[in-house]
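Open the model in your viewer and keep a selection panel at hand. The stops below say what to select and what is found there.

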Amino acid sequence: MVNLINTVIFLPLVTGFVLLFVPRTATPVLKGIALTGAVATFVLSLAFLPIGTSAAADLSVPWISGPWLALYHVRIDALRLFFVILTTLVGAGCIWAAFSYGIAARLRGFLFLLLAFETTLLGLFTAADLLLFYIYWDLMLIPVFLLLSGYAGTEQARRAAWGYLIYNGAGGLVLLLGIIALVSQVHSFELPGTTFNLNAQLEWWIFGAFAIAFLVKTPAFPFHSWMPPTYTYSPAPLVAMVSGVQSKAGLFGLLAFALPLFPHAAHSWAPALLVLAVLSILYGAFAAIGERDAKTLVAFSSLSHLGFVWFALFAFNITSVSSSILMLVSHGLIAAALFLLLGFVEERVKTRELSQFGGLSLRAPRLAVFLLIASMAALGLPGLSGFAGEFLILIGTWQTQPLYTLLALVAVVLASVYMLKLFQSTMHGTERVPYQAAVIEMRPREMLLVAPLLAAIIFLGVWPGWLNDRTPSMVDARLTVDTRSTATSLQAKPHVERGTRS
Amino acid sequence: MPAGVTISWPVLAPIVALTSGGLLIMLVDLLSRKVDRAVLFGIGVASCVTAFAAMLPLYGREEVTLGGAFASDRFSWTFDALLLLTLAITFLLSSLRKAEDGGNAGAYGALLIFCTIGGMVMAGANNLIIIFLGIEQLSLALYVLAGTGFPREASQEAALKYVLLGSLASGFLIFGSALLYGASGGISLAPLAAAAANPSGLFVAGFALFLVGLAFKLALVPFHTWAPDVYEGSPLAVTGFMAVAVKVAAFAVLARVVYVVAGHDSVALIPLWILAILSMLVGNLGAIRQRNLKRLLGYSSIAQAGYVIVALSGVGSGGLTTMLFYLTAYALTTLGAFGVMALLGDGSDSYAELDSYRGLLFRRPLPAAAMALFFFSLAGIPATAGFYGKILLLQQALSGGPWGLAMAVTLVFGTLVSFYVYGKVVWYMYAYSEGEAALPTGNALAPWIAVVAGALGTIVFGILPQIFYASQPFLTAAAK
């Protein structure tokens with residue numbers, strides 16, 4: 001079990017290196033190997049399902065003991081399990097989807113980078129050591145930058161790649177500054193697990209550095225300006241990975257590191273972060289309504305939906321915090337499915353402009369059904385996973401932040417507006433397709449690769465408790481740690497109180 | 001020789017070995033004008049190996065010889081090893097092009113060796129006169145080497161610029177040393193420390209001039225203007241040698257002066273911190289617009305020198321370990337990058353222009369991947385030696401008070417800018433499938449050795465930095 005962790009993390013990368021030894025022209029072999037590796041990773045990651053809420057697969061090897069202690073410490077526990085499974089599931093779908101994207105001669109590189117990207121994400125979600133976490137955090141930049149600049153083939157994509165690199169690079173460096181400031185006090189990357197005392201001011205700054213990096217990566221308003229171009233001009237498999245999985249990295253960082261390490265600072269930052277969360281929720285929704293480009297529309301809806309998770313975490317309510325993983329997993333599935341499906345649409349009509357095409361359901365009814373399920377899940381239709389996450393979060397936040405909850409509810413209504421607009425203008429009405437477009441029905445491969453995502457969306461929508469029962473104790477413990485430490489700090493730091501009790 | 005001065009030959013053995021290697025090259029070249037260049041450079045590499053072997057017994061045992069003028073200690077061992085590595089790789093890179101050595105391989109090889117000896121003298125120098133001697137020996141040989149590509153006008157220009165500005169720097173150094181002697185009453189570093197504790201006006205002036213002289217040699221901003229031109233004009237292998245060996249040797253002197261004379265919190269070092277901040281900014285920002293790779297690496301080396309100074313800002317001898325780690329990482333990546341250029345160039349000048357790297361990944365995947373690795377390491381992307389070096393630097397800076405904090409923030413900002421600078425090179429190799437007319441095609445063995453050595457070192461020290469600590473037990477024990 002313990003040794004399986006490394007297999008799961010590195011199998012995609014190893015598969016990628018195997019690809020490099022296959023001739024570039026042998027596309028069937030390349031595809032076969034890549035898909036086998038990705039699916040095998042997914043199947044292996046399912047082996048961790050039985051670990052439950054108290055057990056954990058934990059592997060820790062001495063690594064660096066110079067000026068500080070760092071371990072090669074990877075772990076799959078209740079907190080990390082569903083991030084890992086989400087990554088392997090979406091990863092397998094994206095690798096399969098990648099078969100029909102990009103320039104044929106560059107397929108090998110495309111698959112290699114996607115697989116490498118999957119390894120960096122798996123490494124991030126299993127890292128239990130801060131140095132390891134940061135290494136994967138920064139390494140993620142490389143495959144995305146290269147995929148975006150090299151494989152979309154358009155000038156806009158190349159420009160988007162620079163935006164992505166500089167913005168996320170800046171976020172990463174701020175995080176690095178925060179981490180080193182912390183480590184130069186405690187001389188260990190092996191956190192949490194080390195007890196330490198920081199002075200309150202330093203803790204405030206360090207948490208701020210973490211928060212900014214996480215806000216950029218998610219992204220949240222006003223750190224999102226890299227997102228629309230990146231999501232719009234990326235090839236569909238890449239954007240499905242970035243939006244479906246990579247956007248969870250920052251929130252995972254909060255749950256696994258920032259909140260347990262700096263509970264006091266988290267509370268003093270909460271008022272500001274709550275405002276940003278609500279702004280993200282509303283801004284994303286309004287921007288999505290006004291958007292004419294299908295992928296940009298989903299990008300903004302993503303901004304709005306992930307705002308809910310920021311809101312949930314900093315409302316510090318037990319229900320909302322413990323539903324955040326459900327919401328994250330659900331958003332990952334929905335966003336990946338939507339972007340993959342829109343990729344299929346774009347492949348057929350060669351445009352993303354909503355005004356340029358419509359009525360595809362006549363020729364491609366199954367594509368319409370698939371897109372219907374995904375967009376209904378995104379707008380929060382009960383019975384699908386999007387509803388379960390949002391509903392639980394709002395129930396929780398209502399108890400601590402009623403005003404912000406009301407504002408967030410507005411965005412729930414707006415979600416219906418933009419998702420219905422997306423679906424209706426692409427699928428309903430009379431058929432309008434640009435000249436030279438050939439609308440064909442979904443191929444079996446396309447259905448098979450999206451179907452698991454939709455199945456998971458329906459499953460979690462019908463039975464959200466299945467996932468929630470497998471995550472709570474971790475998140476609960478974190479929350480109680482927060483409340484207890486806030487209680488003790490009430491006398492010492494009155495300004496903290498306002499953050500928690502308002 | 002005055003009575004009482006003892007000479008410890010083991011301490012001098014590496015220098016003696018190198019010197020004999022240099023003389024042997026000249027002799028062989030003199031006796032037979034037809035001797036192959038490979039033989040001469042082979043002798044050069046062999047003398048590097050011999051000198052390294054002569055160094056091994058010294059390791060871990062600090063010793064001062066020649067009446068306190070020359071030391072073999074923690075300041076010198078790793079610097080010496082780096083210098084020898086650089087020299088060996090420079091020989092490998094020089095073996096390709098006839099024009100690189102102006103057709104006179106014997107003199108070229110001997111000069112490279114004498115230059116390195118100058119660097120080793122600097123690394124061990126324990127008084128002002130020996131420091132100056134080492135710097136002069138290094139510089140004089142290098143002035144000539146910069147001009148050895150003389151069929152190209154740019155090389156002559158580089159040599160002339162280097163001579164003029166370098167001599168000016170030497171003037172500052174010797175004048176500063178004279179004032180320091182006046183202020184402290186001694187030429188060795190120990191009395192200087194006493195004078196630094198209670199500085200007189202004379203001491204301040206002398207120390208300032210001394211720092212200016214060193215800053216010239218290190219190409220720190222605002223004393224950097226010669227560097228991009230000289231880097232661009234000099235023959236490729238000499239540029240690589242210059243970018244690494246000169247910095248390593250000058251940092252050896254700087255580290256010793258900072259640790260022995262000043263102390264990391266000394267007010268006297270504030271100008272040094274300002275130089276570091278300026279270098280990080282100007283080096284990275286200046287590199288943005290460069291389209292010539294040698295010039296780009298020239299600016300990059302300015303920024304990297306700024307980073308290295310950050311290592312001196314923190315408390316304790318952990319700073320020395322940090323400096324050595326970063327310099328090792330810098331040496332490996334820079335030499336590796338020059339190795340790729342030499343490999344591809346194979347006698348032409350196309351390797352230096354960024355445009356000829358368009359789509360390189362699809363024509364020459366391995367050299368392109370190696371180049372990407374070296375540039376990622378210079379940028380400080382994780383899993384490379386450059387990354388681990390950078391987090392060590394940040395930790396030093398954050399333990400170094402307000403100036404340390406300022407340097408940490410500048411370092412982070414400079415790194416962000418460098419993402420663009422180094423990313424652009426990778427981008428050229430990768431984002432376009434079409435190459436320009438001049439396709440680099442070289443595939444010789446010698447530069448491949450440099451590339452593979454650089455790549456291995458970059459990855460191994462990046463993923464397992466513990467290996468570096470294990471090789472420096474003397475330093476790390478002192479750091480704890």
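Begin with helix 12 (residues 263–290) and helix 13 (residues 294–314) of chain A, whose axes come within 7 Å and cross at roughly 155°. Axes here are lines fitted to C-alpha atoms, for helices over the stretch in contact, and angles run from 0 to 180 degrees between N-to-C directions. Helix 12 of chain A is therefore roughly antiparallel to helix 13 of chain A; angles under 35 degrees count as roughly parallel, over 145 as roughly antiparallel, 65 to 115 as roughly perpendicular and the rest as oblique. Helices (H or I, at least four residues) and strands (E, at least two) are DSSP runs, numbered from the N terminus.

This is a predicted model, in which local features need pLDDT of at least 70 and side-chain atom pairs count only at pLDDT 80 or more, while totals for chains, interfaces and linings use all residues. Residues are numbered from 1 along each chain as its sequence is written, and chains are lettered from A and ligands numbered from 1 in the order in which they are written.

Stay on this helix pair. The crossing of helix 12 of chain A and helix 13 of chain A is left-handed, meaning that the near helix is turned anticlockwise from the far one by less than a right angle (right-handed if clockwise). Show side chains at the contact: A:L273, A:A277 and A:I281 are among the residues of helix 12 of chain A that meet helix 13 of chain A, where the partners include A:F300, A:L303 and A:W310. Contact requires C-beta atoms, placed from the backbone, to lie within 7 Å. By class, the contact of helix 12 of chain A with helix 13 of chain A holds 17 nonpolar, five polar and no charged residues. Ala, Val, Leu, Ile, Met, Phe, Trp, Tyr, Cys and Pro count as nonpolar, Asp, Glu, Lys and Arg as charged, and the others, Gly among them, as polar.

Next, select helix 10 (residues 236–261) and helix 12 (residues 293–310) of chain B. They pack at an angle of about 15°, with axes 11 Å apart, which means that helix 10 of chain B is roughly parallel to helix 12 of chain B. Their crossing is right-handed. In helix 10 of chain B, the contact residues are B:T239, B:A243, B:K247 and B:F251. This contact has five nonpolar, two polar and two charged residues.

Move to strand 1 (residues 57–65) and strand 2 (residues 69–76) of chain A, which pair in the antiparallel sense over eight bridges; pairing needs at least two bridges found by DSSP. The two strands form a hairpin with three residues between them. Within the pairing, A:S60 stands opposite A:H73.

Now display both chains. Their contact takes 23 residues from chain A and 24 residues from chain B. On chain A, strand 1, helix 5 (130–139), helix 6 (141–151) and helix 7 (155–186) each supply at least two residues, and helix 7 gives the largest share, 12 residues.

Then inspect the backbone. A cis peptide bond joins A:F221 and A:P222, with omega about -5°; in chain B, one joins B:V221 and B:P222, with omega about 5°. A:K350 is not a glycine, yet has a positive phi of about 60°.

Finally, colour by pLDDT, the predictor's confidence in each residue, from 0 to 100. Chain A has a mean pLDDT of 87, and 92% of its residues reach 70 or more. Over residues 480–502 of chain A, pLDDT stays under 50.

How values were computed: Contact = placed C-beta atoms within 7 Å.
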